[in-house]
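Dear colleague,

Please find below the sequence and structure that I am handing over to you. I would be grateful if you could look through them alongside the notes that follow.

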Amino acid sequence: MLTFSWRLLWRDWRGGELRILAVALIIAVTAVSAVGFFTDRVDHGLQQQAAELIAADLVVSAAKPVTPAIEQGAKALGLQTAHTIQFRSVAIAGEKPQLVEVKAVSDGYPFRGELRITDAAFTQDRATENIPASHEVWAEPRLLQMLGLSVGDSLQLGAISFTISQLLTYEPDRGGDMFSVAPRVMINLDDIAATQLLGQGALVNYRLLIDGEQAVLDQFRKEIKSLKLVDEKILSVSEARPELRVALERAQQFLGLASIISVLLAGVAIATAARRFARRHFDSAAIYRCFGATQNKIILTFSLEMLWLALIASTVGVALGLLAQAAISQILDKLFLTSLPAPTLQPVIMGYATGVILLLGFAMPPLLALRQVPPLRVLRRDQVPVSTRSWLIYSGVFLSMASLLYWQVHDLKMVVSVMGGMLATISILSLAAYALIRLLATLRQRVGVAWRFGLANIARRQSDSVIQIVAFGLGIMVLLLLSTVRNDLLDGWQKSLPEDAPNHFIINVQTDQVKGIQQFFNEHGVQQPRLHAMVRARLTHINGRRVSSDDYTSDRAKHMITREFNLSPAGNPQADNVIVAGSWWQPTDHGKPLISLEAKLATRLRINLHDNVSFDINGREKVFKISNLREVDWQTFNINFFTVVPPGVLDDDPASWVTSLYLKPEQKSLIAPLVKDYPNVTVIDVEVIMSQVRSIMDRVTLAVEFIFLFSLLAGLAVLFAAIQASQDERRYESAVLRTLGARRSILLRGLFAEFITLGALAGLLAGFAATTLAWILAEQVFHFPYQFNPLIGLAGITTGVLLVGIAGVLGTRSVLSQPPVVTLREGV
Amino acid sequence: MDSQQSSGFVQAIRLGKQVTTSEGPLVILDDINFSVPAGTSVAILGASGSGKTTLLGLLAGLDVASTGRVMINDIDLGELDEDGRALLRAGSVGFVFQNFQLLSGLTALENVMLPLELASDSKPKEVAKDILSRVGLVERLHHYPSQLSGGEQQRCAIARAFAASPEVLFADEPTGNLDLTTGKRIIDLLFELNREQGTTLIMATHDEALAGLCETRLNLQGGRLVQ
């Protein structure tokens, strides 16, 4: 049986019966394994480099200096310790300011992994066991490019002028580019006090790195657990860099979804090709039955043949996937990790499983009909099998899709919503395609013979035409969304911001600096900014009940409950805030322990109006009553807070101040003198951050577009499968028409007309769908008015006409080359 | 005809076939009774629409009778399910068709190998080559059916029918699609192989001359046997 099925495979391959099936399979497996290989490498990199990613075996992380008792405990057990402090600040070279990410490190850092440095840009770097000496700074090469500096130049950080002594090319706990908006500068921890950068309430991350034997570390963990720490977080190797893992998971889901579109389209091509394959094998099956093959033997033989095909196509697909993932890695270069390990076997298994499930799921239902071919067909050709029940076909397809999707995204809820969404999209597109085809009928009487022939073909093979239009429509729609519409959305959003929307944030301002800073801007002709005080606090109780992250299921809520809130005193609500419950306080309420919460936060944490909430402010517990709930428009770039309290409540608590303001291009030069006067203050240029975000988005989009290229290829496979399915019929028709005197050129023009129209319809549909989606995204998700872009429709139609027109004519041209007499003698 | 116990013995007992149409039941075959001793040849004669092909289909177990029984080697086909009948065919039955029924995607050699492969023969290629050379197609082993003439196609089909050494061979108008000269050559070949292998031959035809070559003739008219 194995040998026989293998021979059948070879015979059918030779006869050209399996090519579309194989190509569709290869496309799907390549797409899936390319994504699989890439995410596998990042995932594996995260696991392998876990200890490196926190630069130690254990890390205690906090927003304020780590409680000394912890370090004492570690030292008492003989563990080694080191410190790092990280924060954002503005460095100044000459008069040029630049946002940087400062990391101050102590001797011993890093315990895991190594620092790599070089003396000059573009030279071979080397590992070092040292850290920057006092008054020296190691800078990331891109900082020097940005500021036009070189090694040996000086760089002002806070109150100290540092000498750039080395270029820092690698630090183990940095992660990838996605998380480093500003370039890194590394200094010695001993210099930190002298820089005066760490003011009260500044956004700083303090870390205590611990190194030692596992057994001792375990004991240490137990000891610090008993200290019931609130402000400190313990990070061990297994919990290293959760944000990296979340980002990877998102990337995996998104790229996985993108690849699943190719799988779906490949499935359609496979189902179409398999239907033809089955039809063309009715005679073989009848002969097999006649020569004594049982029904089970027939189905087993064809199943084995399909299995061989799946294995061979998957092997090719996996190999191509390996090449394609190199392209993705190149596009997303260093976004996640600076170096990626070799891929494992997991994506290979995934590739093969996709191939087998896809082929069996989509091809087997039509092939099952072969089991039912009556042996009597050898005597009477009109005997055809009872058609396989359509529910069987659809449930096979549905189950295969759902299981592949689940494997890609590991999220049942997402599988359900994506399958539902796909079903709805496909139904809507199919209905629209059907309506368009019906509309074409009205045109038929007004066009020449060639066009009439082409349009008649579309109408006659209506269901095939609908499938082709939808398949291409989907592919083109996604490309339109990713290319044109993405830019439209970004531009639209930027245009929706007022001209003078704040473009700079100033943070870490100390109470005694407020007046000076307001005066500074006043003197330089900038509208005096309103500074907001904020006091850091941790939510501890709701209505007297202690809260913990275990009380909530959603990740957002868990994150909210563990983060520090900024309580900001204000007499009046911000202009863009809307009170949705309760009422704002009166001047007579000032000094009373009331609080205003952002409405979504209150819902998420299940806090209601008039509830009591307790905050730990610098070790003291304070209870506030919810006086009102507010809706906040976070997109205005105005300073807003989740938690606002009346003035006078927090006067005794240490506050830091923050503001946002609009600086005209010519006023940007004010930043350098401001930072020189107030070294601890950090100025963040929104435009710089935006361009950074845009460049990351560009790369991620490019990677997604790359994956969607496969869906376009799969769309082509659908077209060729449909062409192949109609080939025998087309050949016969063209023979009849030519016998009746139709010239070859007329028939060729007819084919052009058919496929150009199909392409135009698919493009039109894609343009319409992409615009609708963009409009929904703009109005409903991002809340800004969407500007319709007629070019999208035009781009869709052009893409469709070129792609489908050329491919279609290429695929069907051969029906015109065979002499009519040969075709007529063979019959259909 | 007397009952015989040797293999290749075919018997029809009160055999009938009727189908339901929109205008009521339509009788195609009615009360057919005959026996074919092993190793002999029978011609089923009749005009188009007389039920020849239906009878052949029932005898070969390709179709199910409405009434009566078909016995091959004393096995009642009616008591076998579809797969049981297939297994019986695999071991004992061969076919030659009017329209040859060669699979267009397979070469002559592969077409002949097919029944051997289905019966899990250990050397399908050797056996197929052997029989193809026997029917004079040794030069045409790797040709596809479309590259063979009508006579060559039927010779190939005969080679395929005899490849698995069947006990009973059913032939449906084997010369129906061939010219007179070619048809005669094909018939000579068929009977020659039939004699060599001692096969029971049951042939449906409307050609009196061809029927005359068989030991027994059965005349079918309007679905009934007439003498």
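Predicted model: local features only at pLDDT ≥ 70, side-chain atom pairs only at ≥ 80, totals over all residues.

Interface of chains A and B

On the side of chain A, 24 residues are in contact with 30 residues of chain B. The area buried between chain A and chain B is about 2600 Å², and carbon and sulfur atoms account for 61% of that area. Within chain A, the residues that lose the most area to chain B are A:Arg11, A:Phe291 and A:Leu379; together they make up 27% of what that side buries.

There are 5 salt bridges between chain A and chain B. One of them involves A:Arg11, a residue already named for the area it loses to chain B: A:Arg11 forms a salt bridge with B:Glu110, with the closest N and O atoms 3.7 Å apart.

As to which elements take part, α1 (2-14), α9 (282-290) and α10 (295-331) of chain A each supply at least two residues of the side that touches chain B. Of the elements of chain A, α9(A) gives the most to this side, with 6 residues. By class, the side of chain A that touches chain B comprises 10 nonpolar, 5 polar and 9 charged residues.

Strand pairing in chain A

Strand β4 (residues 115-118) of chain A has two pairings to report. With strand β5 (residues 126-128) of chain A, β4(A) pairs in the antiparallel sense over 3 bridges; here A:Leu115 has A:Thr128 as its bridge partner. With strand β8 (residues 160-170) of chain A, β4(A) also pairs in the antiparallel sense, over 3 bridges, and the bridge partner of A:Arg116 in β8(A) is A:Tyr170.

Aromatic pairs

Over all chains, the count of aromatic pairs comes to 11. Among them is the pair of A:Phe565 and A:Phe615, which is edge-to-face. The distance is 5.9 Å centre to centre, and the angle between the planes is 85°. This pair links distant parts of the chain, 50 residues apart: A:Phe565 lies in strand β15 (residues 565-569) of chain A, whereas A:Phe615 lies in strand β18 (residues 612-617) of chain A.

With kind regards

Conventions
Residues numbered from 1 in each chain as written. Chains lettered and ligands numbered in written order. Heavy atoms only, no water. Pairing = 2+ DSSP bridges. Helix = DSSP H or I, 4+ residues; strand = E, 2+ residues; numbered from the N terminus. Contact = heavy atoms within 4.5 Å. Buried area = accessible area lost by both parts, 1.4 Å probe. Salt bridge = Lys/Arg side-chain N within 4 Å of Asp/Glu carboxyl O. Nonpolar A, V, L, I, M, F, W, Y, C, P; charged D, E, K, R; others polar. Phe/Tyr/Trp six-rings, centres within 6.5 Å; stacked < 30°, edge-to-face > 60°.
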